[in-house]
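Subject: Structure handover

Hello,

Here is the structure for you to look over. My notes on it follow below.

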Amino acid sequence: MGRWKHFVRLLALLAMAAGAFLSFRAMAVPKDFGTLGHFRASAIAEAAAREPRHLGSKECEDCHDSIYVAWSEGKHSKPQCENCHGPGLLHVKTVSEDSTDAYPDRIKRYPKALQPTTGIQECKWCHLKTFERPATLKSINSVQRHVEKTGGTYTAGSKCTDCHDPHTTVVK
Amino acid sequence: MHHYVVEGYVLPNQTHIYWTIMIVLYPYITGIVAGAFIISSLYHVFHKEVLKPVSRFAMLMALAFLLFAPLPLLMHLGHPERAFNIMFTPNATSAMAGFGFIYTAYLLILVVEIWLVYRADIVLLATSARSAWMRRVYWVLALGVTDISDEAKALDRKVMQFLAAIGIPAACALHGYVGFLFGAIKANPWWASPLMPVVFLMSAILSGIAMVLLCYLIVQWVTKRPIDSPCVDALVSYAWMFLMIDVALELLELVNHAYMANHDWQILRELLTQKLYLSMFVIQFLLGSAIPFVLLGALVVYKNAIGGRTRNGIAFVASMLLLVQVLAMRWNVVIGGQMFSKSFRGFLTFDVDLAGREGLFAAVFLFSLPFLTMLVFSRVLPFWGPVSSAPGRWLEAEPAEHVSLRDHSSFTDVGL
Amino acid sequence: MSPRSTPSDESEITRRKFLEVCAEAGASIFVFGAVVCTTAKLMLPSLAEARSPDGSDKDANDVIYGFLIDTTKCIGCGSCVRACKAENNVPDGYYRTWVEQYAFYENGEVTVNSASGGLNGFADAPQLDIPETTDEPPVRGFFVPKLCNHCINTPCIQVCPVGASYKTKEGVVLVDPQRCIGCGYCVQACPFGSRYLNPETRIADKCTWCYHRITKGLQPACVVSCPAKARIFGNVSDPNSEISRLLASNRVQVLKSYLGTNPRTRYIGLDSEVL
C-alpha cells in the first residue's frame with residue numbers, strides 16, 4: 001500500500017458516502033417511479049381520484065324539479081344551474097347530512113354551501129353590453145336606463161330579478 | 001408573495017416575479033467559485049509562477065463560496081425538504097437536474113485537491129500544532145495517515161495535477177449549465193440565446209478574479225503583510241482580459257437582438273431602454289465595465305509608470321466595480337427577464353423584499369457566510385505558504401523530537 | 001568546447017517525457033470521453049422521450065384528448081373562470097384558465113385586458129384600457145379564453161428537474177404534488193403563462209383539463225359552464241367525436257406555433273394580434 005494508503009482511505013470514505021446516498025435513494029424514491037415514464041406512476045390514479053364538485057344541472061332535478069323543467073324548456077337554458085349557484089357537490093352533501101370536512105373553505109363558505117345569488121351580479125356577467133358581444137345576446141347598456149325605459153322605478157337596490165324570473169327570463 | 005405593479009397587459013399568472021434575489025445570488029456565488037478556481041489552476045496546471053502567492057488563498061476561497069452555493073437555492077424552493085429529489089430522480093433533459101451531480105463532483109474535486117496541496121502541512125500540524133484539540137482535528141483531516149515520503153508526495157502531486165486539470169472543465173460545467181438553464185428557455189426571448197452559457201462563464205471567471213484580487217489586497221492591508229507586485233499585476237491583466245471578452249459577448253447579445261429585431265424586439269427595447277436603463281447601461285456597462293476597462297487598461301499599459309501603492313488603490317476600486325458589474329449582469333438577466341410579460345404587451349416592476357426567506361437581509365447574511373468561513377479557514381490552514389514559512393504562528397515553540405521541518409517541507413518546493 | 005551529455009541520452013529523456021505526457025493525456029481524454037459518451041447515451045433516449053410524440057406504441061383505440069376553443073362564440077362572461085376556480089380550488093390571484101379581451105381602435109391601436117382573468121366578466125366599462133391617443137370607443141373586438149395547452153412537445157416537462165411534471169397516455173400534462181419541489185422552472189419555461197406556483201401548497205399548478213372529471217366520463221368544468229359553447233373537449237383519436245368533426249371542418253390555429261410546442265389546445269378564429 002505504502003504511498004497509496006491515504007488514497008485508499010479517501011476512496012473508502014467516498015465509497016461509504018456513495019453507499020449512504022444509494023440507500024437513502026432506495027428509501028426515498030417510491031417503488032412505482034419510472035414504471036410508466038419518468039414520473040411516479042400512482043400519481044395518475046391520485047389525480048383522477050378527486051371528486052368532481054360540479055355535478056351538472058341534471059343532478060338538481062331530483063329536488064328542484066319544477067324549476068328544472070321551467071329552466072330547461074325556457075329561453076335561459078344555455079347557462080347551467082351551477083353557473084350562477086356555484087358547484088353543487090357540497091350542497092348535496094350538506095343537505096343529505098354527509099361530512100363536508102374534506103372540502104377546503106373556498107366552496108364551504110356559504111350558507112347551504114351554495115354561492116349566494118344577488119339577482120343582479122350574475123346577470124350582468126353576460127347581459128351588460130360590451131362592444132364585442134353578438135347582437136343575438138340580449139344586453140343592456142345600463143341597469144338604470146333599462147329599468148326606467150321599461151316603466152320601473154330605479155333605486156340603488158334594484159335587481160334584475162325584481163322583474164325577470166331568473167330561470168326563464170320571463171317578466172313577472 | 002405580493003402582487004407586483006403592472007403596466008400594460010400582463011398575463012394573469014405573471015403578476016408575480018418568481019425568481020428573485022436568491023436566484024440572482026446563486027450564479028453570483030458559483031461564478032466567484034469558478035473564477036477563484038481558475039486563478040488557482042493557472043498556477044497548478046499552467047505553471048504561471050507569478051500567481052503562486054495567491055494560489056492557495058484562491059483555492060480556499062473557491063471552497064468557502066462553494067460550500068454555501070446550495071443555500072440560496074434551498075431558500076427559494078417551495079419544498080426544500082424534497083431538494084434531494086433532483087439527485088434521486090433527476091430528469092435527464094433538465095439543466096437544473098444537473099446541479100446535484102455537477103456540484104457534488106466539483107466539490108469533491110476541489111476538496112481533494114485542497115487536501116492534497118495541504119497534506120504535508122496537515123501531517124506536520126497533526127503532530128506539532130499548538131493546541132492538543134487542533135492536533136486531533138488535523139489528524140482526522142490527514143485520515144490518520146502520516147506518510148509524507150517523497151514517493152507519497154510525488155504521487156500526491158500527480159493526482160493533484162490531474163484533478164486540477166479536470167477541475168477546469170468541471171468548473172466550466174458548474175457555471176455553464178446555469179447559463180444553459182436560462183439560455184435554453186425559448187419561452188423567454190431575453191434569456192433564450194446560445195451565447196448565454198458562454199456569457200455566464202466569462203462573467204463568472206471575471207467575478208472570481210476580481211474577488212481574489214480584492215480580498216488579497218484587503219487581507220494584506222489589514223494584516224500588514226507585503227503585497228506581491230507581480231502577482232497583482234498578473235491578476236490585473238487577467239481581469240482586464242476577461243472583462244474585454246465578457247463585455248464583448250454581452251454587447252454582442254444586445255446588438256444581435258437589436259439588429260435582428262424579432263417579434264420580441266418591441267418589448268425588449270422598451271425593457272432595456274426604460275425599465276433596465278439604470279441597472280444595465282449605467283451600472284453594468286458604464287460603472288461596471290467602461291470605467292474598470294479604462295482603469296485596468298491603464299494599469300496594464302502603463303505598468304512601469306505607476307507606483308505600487310497607486311496601482312493597488314486603482315486595482316482595489318476596479319475589482320469592486322467588477323464585482324458590481326457581474327452582480328448587475330445577473331440581476332438584469334434573471335429579474336430583467338421576468339419584468340416583461342410573455343404577452344409581450346406589459347411590464348412588472350420589482351420591489352425588493354427586505355425580510356423573508358428570499359429577502360434582502362437573508363441575501364446579505366448569506367453572502368457574508370463565505371467570508372466568515374475564510375476567517376475560520378485562516379485559523380486552520382495557512383493561506384500564504386507552507387507552515388514551514390511561518391512556523392512560529394502554527395507550531396509549538398519546539399516541534400516534537402521526531403519531526404523535522406526539513407522533512408516536512410511543503411509541496412510548494414516541488415511546484416504545488 | 002564544453003562537455004555535453006551525449007545526444008542519445010538527451011533525446012532518450014525527452015522521448016520518455018513525451019511518451020509520459022502522451023500517456024497521461026491519453027488516459028485523461030479516455031476517462032473524460034467515457035464519461036461524456038455514457039452520459040450522452042443515458043440522456044439521449046430520455047431527450048427523445050420527453051418530446052412525447054403521439055407514439056408508435058399506441059393503437060387506434062386509445063383515447064387522446066384535445067381541446068378546441070371557438071373565439072367567435074366567446075361572450076366574455078367569465079363562467080369558465082369561475083367554474084374552474086370553484087372546481088379546482090384555485091387560489092386568489094392565480095388562474096388555471098382566463099379570458100382576454102381584445103379591443104381594436106380606429107387609429108390602429110390594440111389593447112388587451114384581462115381584469116381578474118375575466119372572473120367578473122368584462123361588463124364594467126371602466127375595465128377597458130382605452131389608450132390615451134383616442135377618446136373613441138373600440139371599433140371591433142373579441143374575447144380569447146386561454147388555458148394550459150397540454151402541448152405535444154412540452155417545454156415544461158422537459159425542464160422539470162425531478163420528474164414531477166408528466167404526461168398521461170391520453171396526452172394530459174399533470175404535476176405530481178408529492179414530488180414537486182417548487183423550483184418554478186416549469187413556470188418560466190411555459191411560453192403561454194399557463195403555470196403558477198400555488199402559494200398554499202408551494203408547488204407548481206396549472207389547468208389539468210379537469211383530469212378528475214374527464215376520467216369519469218364528464219367534461220371539464222369550464223366546458224360544461226360555457227353558455228356559448230365556445231369550448232369543446234373530446235377524444236381526437238375518435239373521428240366521430242364532436243371535436244374531431246370540428247377540427248376537420250374548420251381552419252384551426254394554435255398559440256405561438258413558431259415555438260414548436262405543438263399544442264393540443266386549438267383555436268378557431270384566432271387573430272394575429274393574439275400572442
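I begin with one helix of chain B, H13(B), whose buried residues are B:Ala362, B:Ala363 and B:Pro370. A residue is called buried if 20 or more other C-beta atoms lie within 10 Å of its own, exposed if 12 or fewer, and partly exposed in between, with C-beta atoms placed from the backbone. Helices (H or I, at least four residues) and strands (E, at least two) are DSSP runs, numbered from the N terminus.

Please note that this is a predicted model: local features need pLDDT of at least 70, side-chain atom pairs count only at pLDDT 80 or more, and totals for chains, interfaces and linings use all residues. Residues are numbered from 1 along each chain as its sequence is written, while chains are lettered from A and ligands numbered from 1 in the order in which they are written.

Confidence

The predictor gives the complex an ipTM of 0.89 and a pTM of 0.87. For chain C the mean pLDDT (the predictor's confidence in each residue, from 0 to 100) is 85, and 80% of the residues reach 70 or more. In residues 45-58 of chain C the pLDDT is below 50, and this stretch has 15 contacts in the model beyond near neighbours in sequence. Two residues are in contact if their C-beta atoms, placed from the backbone, lie within 7 Å.

Chain B

Chain B has 14 helices and two strands. Its C-alpha atoms fill a box of roughly 80 × 55 × 35 Å along the principal axes. Of the 416 residues in chain B, 49% are buried. Among contacts in chain B with a separation of 6 or more, 77% are between residues 24 or more positions apart.

To return to H13(B), this helix covers residues 360-380, and its end C-alpha atoms are 31 Å apart, in agreement with the 30 Å that its 21 residues should span at 1.5 Å a residue. The expected span is 1.5 Å times one less than the number of residues in the helix. H13(B) bends by about 25° at B:Leu369, and a proline, B:Pro370, follows within four residues. The bend at a residue is the angle between axes fitted to the seven residues ending there and the seven starting there. The buried residues of H13(B) pack against helices H1 (21-44), H2 (52-67) and H3 (70-76) of chain B.

How far apart are the end C-alpha atoms of helix H11 (residues 277-301) of chain B? They are only 32 Å apart, short of the 36 Å that a straight helix of 25 residues would reach at 1.5 Å a residue. H11(B) has a kink of about 35°, centred on B:Leu286. Its buried residues include B:Met280, B:Gln284, B:Pro292 and B:Leu299. The buried residues of H11(B) pack against helix H9 (229-260), helix H10 (265-275) and helix H12 (308-334) of chain B.

B:Asn332 lies in helix H12 of chain B. B:Asn332 counts as buried because 23 other C-beta atoms lie within 10 Å. Leaving out residues up to four places away in sequence, B:Asn332 touches B:Leu276, B:Ser279, B:Met280 and B:Gln284.

Chain C

Chain C has seven helices and eleven strands, and 47% of its 275 residues are buried. C:Ser257 is in the loop between strand S10 (252-253) and strand S11 (265-268) of chain C. Is C:Ser257 buried or exposed? With 11 C-beta neighbours inside 10 Å, C:Ser257 is exposed.

Interfaces

Between chains C and B, 44 residues of chain C are in contact with 36 residues of chain B. H1(C) gives the largest share of the chain C side, seven residues. That side has 29 nonpolar, twelve polar and three charged residues. Here Ala, Val, Leu, Ile, Met, Phe, Trp, Tyr, Cys and Pro count as nonpolar, Asp, Glu, Lys and Arg as charged, and the others, Gly among them, as polar.

Between chains A and C, 33 residues of chain A are in contact with 36 residues of chain C. H2(A) gives the most to the chain A side, with five residues. The residues of that side divide into 16 nonpolar, eight polar and nine charged.

Regards
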